[in-house]
Amino acid sequence: MDNQLDPFVRLFTLVRDVLDGTVREDAAAVQLREDTSSLPREAVVALSVNATEFSKRGAFRHASVMAGLAMAAGESRWGRTRSSPWWLAASIYVDAVLDLLEQEPDTMLQSAACDVVDLQIAELRSEGATEELVDVLNMAGWLRMTPYVHDDAVSDAVDRHRSWLERERRAEGTGTLLDARRRRPVESPLQAIEQALPYLDEAIRSSSGYRKAAALRARACACKLLVDFGAPDQDALLRVQTECVLAALPLLDPERDAMTHLHVTTALWLNGLRQAPGSLTELLPVPLGEIARRFGIAFALRVGNAALSICMRAGAQQLVRELKQAIDAVRSAGPQRIAKNLAPSRSRAELHILPGDTLSCFDADRAIQSGKSRDHSPVSRLHLAAHACDHGQGIHAMELIEQSQGDASLPSDVYATAFRLKAWAGELAGDQHRVAGRSVEAIQHYGAAGWRYLFHGLDEQAVDCVARVVGTYQRAAKRPGVLGWAAHSVGAVAAWLSYAQDRKSVEFALYQAYQELSRVRLGTRAAKKRRAMGFADMLTLHRVAKGMESDVIAASPSPRELTDTTRERLEKAVAAQHKLGYAAGNENDFDLLRSLSYLSEAERGEGLTAEAEAANLWRGFDRQFNDSLVAQSDDPATCFLRFTERAGQAHLERQLPDSTVLLSLLAGTAVRGGNRNRHVALHTMRVARGELLAPVRTFSYLDSQLALMGADDRHDSLTLHPFATDIAQMIEELVKYPGWDEVTPTALAFLDATTYFGDLTDAVASWREAGRTHLCVWPHGPLHRIPFHLLHVDGRPLADEFVVTTVQGLHSLERLSSAPPPDGGHLIAASACGGVAFRMHDEPRLEAHAYEVAEAIGATPLIGARATREALLERMPSARFVHIAAHGSRNDIAGWRQCLYMTPSEQSDGRIFAHDILELDLRGVEMVTLSACETSSFRFDLLDNQRGLAPAFLMAGAAAVVGCLWQVHRDPATFFFRELHNALRGGSPKIEAFRTAQHNTRQCYPEYRHWGAFTYLGAW
């Protein structure tokens, strides 16, 4: 923190930076504890009060962060006594975390809150503060039971526990190593509930009045959970549950504890021990609006949601109607996030009180059970479908919904309700089909339910459907076609990823699903198993698992402008960068391993220095801009439909010329023989006309459950595929001076093609005989950085036999047949002074390079003062071939900030960023060639969506990009690009021109680090 600022401003600025993602929460807490500067109590108390207000509005994540930082500030200065500001912050923190855990299971947060509440209990016991001790004891008990209970009182405890376990698995995969060290394993249900009981029993013994009622309610809940999880002496536990509820009844005080009053009275009502409430006032003596005024909107909506779930279960339609009206009145004043959390219960409640529906819940339930549910109005059919879902009859519910939607008399304002119901019904229909052994139908329903859930922002339900797709596939993997449908269904969910509330978690679940779908068992039955998979099935998996978002964007290129939100983030990041005076290497640090890692929200520095703060702001901009690209595309349903139309085997074969072999790589997993341990595996598809093959290579030295590794230090976190370290070593060896050889012996060992493709000797011979002269490689993840043309077969590089190119996605094949006829010429541009303002040296040889290239083809280069950002952006769309020689920045912090440094002008500092390229229409550009540092290096996320200069040119419509995989000397670069553009001017096809330039450069500069640096990406 800047000690020159006012203490209040210092503290709240730090909190703002944490909430914005600029500073890591753990780093901020450490700074507050270690900071010795003065900080008034009032500042810490004010922060705690602000946390309370956030919590009342339902922003529990923000509230827990703010309270946690207030605790850190208070503990180091005033200790952890009741008189310290730490105490107030701790109480608010525990409340916020408990509410947050209802929505977002997180064992790390739960553990931290349990530690805090135990510290409070010890202090209160020593002081004899009975009333406050009872409240804290009650909180301690609820915290231990949180993975298994929910406010609605009817949620299934076993399902909730399973959701916790699944979310923890995702958290472990997407978090940092530091998180993993702090994360505790989820307790077994019986063990966790047994741990809660001593707290609750002490609270019961030490309390009276409404506090005792709350403790008795918690004790009754614990007994019910023990029964649900199969504890012994269940009859005795049920008796204790009833005794606790009855004992709590005379102690209830709805004015002070509306939730306990609701749960106790309805428990007696639902068990026939009390008359059903005849009105909303009997159910909730204190109106929801008054509860909201006293305790906050979030708590009022929790009470209303719990009451709504109970009334729906009991079929009390009139109460449901009144409750919905009361909830709508309260939620209209609350933030959107609260509405999202209530969406499932609210939408289901609407189905029981639809306008024009004359069916009572009793009649609807009886009609479903008797099978007489067809002769009704469209609105009543939706009501019937809801009851069918209550009985697990998803198939029947889907039939009723489709009948309703197909009826022209269905009111338009009810159609959205039917759409939401379809997600729930589809999931249940999938369950029914799975039990009946109809695997494909089950998978189809799960996939459709998953994307519908994601459309409504219900991440957990969507992820659960993805897990069901994978589970169903694993039980029926040997059946033909099942893998293809499973991959298609997971891909359908992935198409709606931009709608996720927690993209990081959903993205990891999708990655995990693709890894599971890729898994095969190798050994004596391997060939039969892979034949059962089918080539078309594996092709579908490759297509959806590898950069589907990038492929969809690039398949329909159009200018994409910065949104207002994205521009605001950009301006904030630029301002932070300006404070540095471009001094630190945020733009130019060479970090090879980072460039091979997966882009992830876990990749975030502490943010406590100006450099780290700027880096985190750039990361935030990068994510925001990427999301805006997807948002500016067609709607996901249309995009995915178009995408799947191009995914078929026949379509792919039609796109490939006779001379081309496509090698598609998928970094997946495999199980060898009887060993159940998963190994990192490389799934390779070889596709050519008349030849289809899908072998799998395993790497037994790389044992991994999910093929992910973490790298952590105090400042940063990375997520890596195990291949990344080998590829980094390969590149480091290739760029070394080889002495009298063309390449070092160590690099040569890394270049054995057998490692990646198996034995290609026979295949290469057969391709040569068939006249196949072009190998097109479609890599995955860190494999994008492999120089495939340098891989050796029989002691010779593949470039000896073939022209080797790569593609970002199969949209490049579409460009072969759909590109408009180009009418532009060559645009050659270079800047010697671009980048000088950013601590780079003036490089006259860049302009000399451009002049030589232009002279060879009779063009006039755009150099010197004319080679400005504005001039280049204006001229590129009308060119046929574009060549740029300039300083470049790979920028591994934010892929869309990779840039080229052109000549500064009055309008700009000369930089052309990757995101600037996407504002252009380059569909008339056949090839972009980039003579700049590592322009073929780009970042990629877990789903292989790419960000960087080369992807930007392709997404903007350019057919192909030729760039450099690593830094290359000026002389071979000039020679290569001069030869390339000379061949293009002579009319050679693009890949033939590339091969000519590559061959001629090799003759003059035989070291692999020179001629091997150039790579071809895109259509040919």
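**A strand and its surroundings**

Author: In this predicted model, strand β21, which spans residues 960–964, has 5 of its 5 residues buried, so it is largely enclosed by the rest of the structure.

Reader: Which residues of β21 lie on one side, and which on the other?

Author: A960, V962 and C964 are on one side, V961 and G963 are on the other, and because all of them are buried, both faces of β21 count as covered.

Reader: Changing topic to cysteines, how many disulfides does the structure hold?

Author: The structure holds 0 disulfides. C244, for instance, is in no disulfide, and the nearest cysteine sulfur, which belongs to C223, is 5.5 Å away, whereas a pair would have to be within 2.5 Å to be counted.

Reader: Is C244 buried or exposed, and what about C639?

Author: C244 counts as buried because its relative accessibility is 8%, and C639 likewise counts as buried because its value is 7%; the cut-off for buried is under 20%.

Reader: Now the packing, please: how many residues are in the largest nonpolar core, and which have the most contacts inside it?

Author: The largest nonpolar core has 117 residues, and those with the most contacts inside it are L510, Y514, L517, L541 and L980.

Reader: Staying with L510, what is it in contact with, leaving aside its neighbours within four places in sequence?

Author: With those neighbours left aside, L510 is in contact with V466, V490, V493, A494, L497 and L943. There is also a second, separate core of 82 residues, which includes V65, L69, V97 and M139.

Reader: To finish with the whole chain, how many helices and strands are there, and what percentage of the residues is buried?

Author: The chain has 46 helices and 22 strands, and buried residues make up 59% of its 1020 residues. Of the contacts between residues at least 6 apart in sequence, 74% join residues at least 24 apart. The accessible surface comes to about 38,800 Å², and 50% of that belongs to carbon and sulfur atoms.

How values were computed:
Residues numbered from 1 in each chain as written. Predicted model: local features only at pLDDT ≥ 70, side-chain atom pairs only at ≥ 80, totals over all residues. Heavy atoms only, no water. Core = buried A, V, L, I, M, F, W, Y, C linked by side-chain atoms within 4.5 Å. Buried < 20%, exposed > 50% of the residue type's maximum accessible area, 1.4 Å probe, protein only. Contact = heavy atoms within 4.5 Å. Helix = DSSP H or I, 4+ residues; strand = E, 2+ residues; numbered from the N terminus. Areas by Shrake-Rupley, 256 points an atom, 1.4 Å probe, with all protein chains shown as cover.
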